[in-house]
Amino acid sequence: MLSTVLSKFEAILSRIIKKTHALAEKGTNTAKIDADITDAEIAISEAKDAIKVQSEKDYTVEISSEDTLKTSISTTRQLLHSDLKSVRELLKKAHEAVKIAAESLHTAMEPVSYTHLDVYKRQLEQHGQKV
């Protein structure tokens, strides 16, 4: 499940990269977007590594007596919980990094603001009238 989330992040980042290359070909300065993309790639890589390490961990409960059963299970459960929480935090970090890259791309792609007069002139031209 966690790998599926990362796959989605990678797919989104791939589309951001393609659109960034298209902007760069048009002559737009994409330095900020490129830096944000690099940050997102690093965050995704860290999350992937954490997921791999987590998936290889084994949580075994050693029961020596019935009296220590509850504490043994509780300790192991808390360890699992804290490990999963750290992986979740890395996923959130990766999500935030991809989001920042997308926002940077969006900012670079925003069209120039037109005045009402510019819009009116374009509408007249579209209907074949001279301005």
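## Leu-105 and its surroundings

Apart from neighbours within four places in sequence, Leu-105 is in contact with Ile-16, Lys-19, Thr-20, Leu-23 and Ile-33, where contact means heavy atoms within 4.5 Å. The model is predicted: local features need pLDDT of at least 70, side-chain atom pairs count only at pLDDT 80 or more, and totals for chains, interfaces and linings use all residues. Residues are numbered from 1 along each chain as its sequence is written, and side-chain values use heavy atoms, with hydrogens and water left out.

Leu-105 lies in helix α3; helices (H or I, at least four residues) and strands (E, at least two) are DSSP runs, numbered from the N terminus. Leu-105 has a relative accessible area of 5% and is therefore buried. Here buried means under 20% relative accessible area, exposed over 50%, and partly exposed in between (1.4 Å probe, protein chains only). Between the C-alpha atoms of Leu-105 and Ile-37 there are 9.7 Å, although the two residues are 68 residues apart along the chain.

## Thr-20 in helix α1

Thr-20 belongs to helix α1, residues 2-25. Is Thr-20 buried or exposed? Its relative accessible area is 2%, so Thr-20 is buried. Leaving aside neighbours within four places in sequence, the contacts of Thr-20 are Thr-30, Ile-33, Asp-34, Ile-37 and Leu-105.

## The nonpolar core

The largest nonpolar core has 20 residues. Such a core is a set of buried Ala, Val, Leu, Ile, Met, Phe, Trp, Tyr and Cys residues joined through side-chain atoms within 4.5 Å. Leu-6, Phe-9, Leu-13, Ile-16, Ile-37, Ile-44 and Val-98 have the most contacts inside this core. Two or more residues come from each of α1, α2 and α3, and α2 gives the largest share, 8 residues.

Ile-44 shows how these residues meet. Setting aside neighbours within four places in sequence, Ile-44 is in contact with Leu-6, Phe-9, Glu-10, Leu-13, Ala-94 and Val-98.

Helix α2 has 26 residues, which should span 38 Å at 1.5 Å a residue, and its end C-alpha atoms are 38 Å apart, in agreement. The expected span is 1.5 Å times one less than the number of residues in the helix. The buried residues in α2 are Ile-33, Asp-36, Ile-37, Ala-40, Ala-43, Ile-44, Ala-47, Ala-50, Ile-51 and Gln-54. Their cover includes α1 and α3.

Helix α3, with 41 residues, reaches 60 Å from its first C-alpha to its last, close to the expected 60 Å. Buried residues of α3 include Ser-72, Thr-76, Asp-83, Val-87, Leu-91 and Ala-94. Further along α3, Ala-97, Val-98, Ala-101, Ser-104 and Leu-105 are also buried. The buried residues of α3 pack against α1 and α2.

## Salt bridges

How many salt bridges does a search of the whole structure find? The search finds 6, a salt bridge being a side-chain nitrogen of Lys or Arg within 4 Å of a carboxyl oxygen of Asp or Glu. One of them joins the side chains of Glu-46 and Lys-93, at 3.1 Å from N to O. This pair links distant parts of the chain, with Glu-46 in helix α2 and Lys-93 in helix α3, 47 residues apart. Glu-46 is partly exposed at 33% relative accessibility, and Lys-93 is partly exposed at 44%.

Lys-57 and Asp-83 also form a salt bridge through their side chains, 3.1 Å from N to O. Lys-57 lies in the loop between α2 and α3 and Asp-83 in helix α3, so this pair ties together parts that are 26 residues apart in sequence. With a relative accessible area of 40%, Lys-57 is partly exposed, whereas Asp-83 is buried at 12%.

## A nonpolar surface patch

Val-61, Ile-63 and Ile-73 make a nonpolar surface patch of about 240 Å². Patches are made of residues with over 30% relative accessible area and no salt bridge; like charges are joined within 9 Å, and nonpolar side chains (Val, Leu, Ile, Met, Phe, Trp, Tyr) within 5 Å. Accessible areas come from the Shrake-Rupley method with a 1.4 Å probe, and for residues only the protein chains shown count as cover. Val-61 is found in the loop between α2 (31-56) and α3 (69-109), and at 33% relative accessibility Val-61 counts as partly exposed.
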